[in-house]
Amino acid sequence: MRKKKLFGLGAVIVSLSALVMVGCASDNTDTEGTASTPGGDLVVDMQSEAVTLDLHGSNDTASSNVTSNIFESLVTQDEELNLEPGLAEDWKQINDTEWEFYLREGVTFHDGTEFNADAVKANLDRVLDPEVASPRAFLFEMISEVEVVDPYTVRIHTEYPFAPLPANLAHYGAAMMSPVAIEADYQAMADGETPGSYLNEHPIGTGYFTFDSWNSGQSIKLLKNDDYWGEPAKVDSVTFQVIPEGGTRIANLETGASHIVNNVSASDINRFEATDSIHVNQTESVALLYLGFNQKNEVLSDPLVREAFSLAINRTDILEGIFNGVGVEAKTPLAPKIFGHDDSIVFNEYDIEKAKELLAEAGYADGLDITLNTSDQRERTDIAEYIQSALSEIGVNVSIQVNEWGAFLDLTNQGEQELFILSWSTVNGDADMGLSLFHSANQGAQGNRTFVARDEIDELIEEARKSEDEDERLELYSEIQTMIADDSIIQPLIHEEFLVGVRDEVEGFWESPTGVLVLHDVSIQ
């Protein structure tokens with residue numbers, strides 16, 4: 001984490017999370033500024049609203065920015081993604097396919113329910129329940145049984161050796177919800193409600209904040225958990241405001257109407273440098289921003305077309321022209337911080353003449369029409385316009401369709417898009433998750449929105465996740481990345497660097513490389 005006024009080259013700007021919905025300022029905002037209030041209400045302006053507060057109901061960072069303060073997982077991560085104890089004080093691997101986790105005693109959920117091994121089993125069983133159909137289930141599909149050994153010991157059995165299991169259990173989808181609330185949600189399902197209908201309205205965890213209220217389209221408010229098992233939060237409450245317009249978010253920060261604004265555009269850095277009392281927090285990420293090709297589409301199912309489109313795009317133009325150099329060009333799907341990243345692999349580099357030749361070879365010498373879908377986040381609409389211009393150079397007429405975040409997710413989940421701009425964050429720091437973007441079992445909401453299905457890629461991903469030999473895993477991940485590049489399944493664009501605006505009187509804030517704001521130690525001086 002870095003607090004700074006001046007920026008060198010780093011990495012990009014917004015995450016899968018950083019996306020847009022509608023809204024306006026919350027009633028909780030003090031128009032004269034809240035920044036000087038001791039304890040007080042921490043106001044965080046968000047570009048997009050949470051999709052759901054059911055941990056198993058979505059896989060977006062906007063939701064995780066709220067739920068990460070309410071719920072906790074067995075394992076957690078520091079600023080470098082190193083694993084640390086969470087609700088589990090320790091863990092060990094018993095054999096190739098069995099792990100034991102030793103739980104923290106004396107922890108209760110916000111509803112007074114005891115946290116214990118039964119609660120862990122209830123949560124992991126639910127995320128894997130086909131009736132719930134969690135988009136996060138793929139992270140835990142290797143689990144064959146959750147065994148309660150005693151009240152504070154859980155033994156997790158896997159179908160095959162899986163070295164990244166503790167890292168996957170640090171994912172927000174493995175955080176712990178009250179088993180009483182889970183039972184109530186199942187009862188609601190039995191009464192005809194959809195999965196998560198109860199949990200979305202009653203998000204009950206063990207975290208340092210408790211849920212207070214959700215004013216849909218405007219704000220979510222959390223309150224300090226005075227009965228927290230660990231060090232309590234330093235502010236009395238947090239209000240997440242939904243403010244889609246970037247200029248409005250920055251104006252709120254300047255006036256003290258908010259303390260933190262999530263997603264600052266690189267083009268706004270000069271405004272921060274010229275303004276006293278505010279700064280930008282800059283964090284290298286594990287995210288990938290990419291152009292996706294939906295292979296359910298007849299035109300895009302042709303690898304010659306995909307390669308032609310890729311070769312017509314100059315990543316340097318995007319990095320320098322749209323992100324002001326704040327970012328790293330993405331040569332593979334895996335960011336440099338991720339285990340399995342291979343520096344030697346370079347996806348399609350800009351070559352306009354070859355792009356024209358390939359398009360003609362594919363039968364489109366006279367050009368073609370295609371649609372590009374994106375969310376309404378500013379940099380992504382700018383990228384869409386750049387791609388529209390770049391592809392026009394090879395005779396492709398691109399129509400841009402801009403969607404608000406929820407609608408965009410629904411569209412891409414169903415495979416109704418053609419070209420699309422999206423990001424993917426490898427939150428566990430391991431290539432297994434990063435490359436799961438290309439496994440056929442994860443098509444749609446679980447991440448594979450290109451709808452690619454290659455048996456050889458599936459087999460290599462599965463072989464790598466079963467190997468306990470790091471060198472073998474690295475070789476397999478390199479082979480997978482090469483296949484993805486050779487087939488032009490996506491065109492990687494940028495590895496993002498997250499930029500968050502913060503008032504100078506805010507102390508103790510940091511952002512995870514996964515794009516989630518960490519508010520536990522935040523105070524307002």
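Start with the lining of the largest pocket: 16 nonpolar residues, 10 polar and six charged. Nonpolar here means Ala, Val, Leu, Ile, Met, Phe, Trp, Tyr, Cys and Pro; charged means Asp, Glu, Lys and Arg; the others, Gly among them, are polar. This is a predicted model, where local features need pLDDT of at least 70, side-chain atom pairs count only at pLDDT 80 or more, and totals for chains, interfaces and linings use all residues. Numbering runs from 1 along each chain as its sequence is written, and side-chain values use heavy atoms, with hydrogens and water left out.

The volume of that pocket is about 670 Å³. A pocket is an open set of points on a 1 Å grid over the protein atoms alone, where a 1.4 Å probe fits, with protein on both sides within 12 Å along at least five of seven lines; lining residues have an atom within 4 Å of a point. Points join across faces, edges and corners, and volume is the space filled by probe spheres set on them.

Which residues are closest to its centre? Of 32 lining residues, they are Ser 68, Thr 76, Gln 77, Tyr 208 and Val 518. α1 (61–70), β3 (75–77), β4 (83–85) and β21 (517–518) each give two or more. β3 gives the most, three. Helices (H or I, at least four residues) and strands (E, at least two) are DSSP runs, numbered from the N terminus.

Now the second largest pocket, about 500 Å³. It has 28 lining residues, with Val 51, Thr 52, Gly 57, Ser 58 and Pro 135 closest to the centre. α5 (197–201) and α12 (405–414) each supply at least two. The largest share, five residues, is from α12. This lining divides into 12 nonpolar, 12 polar and four charged.
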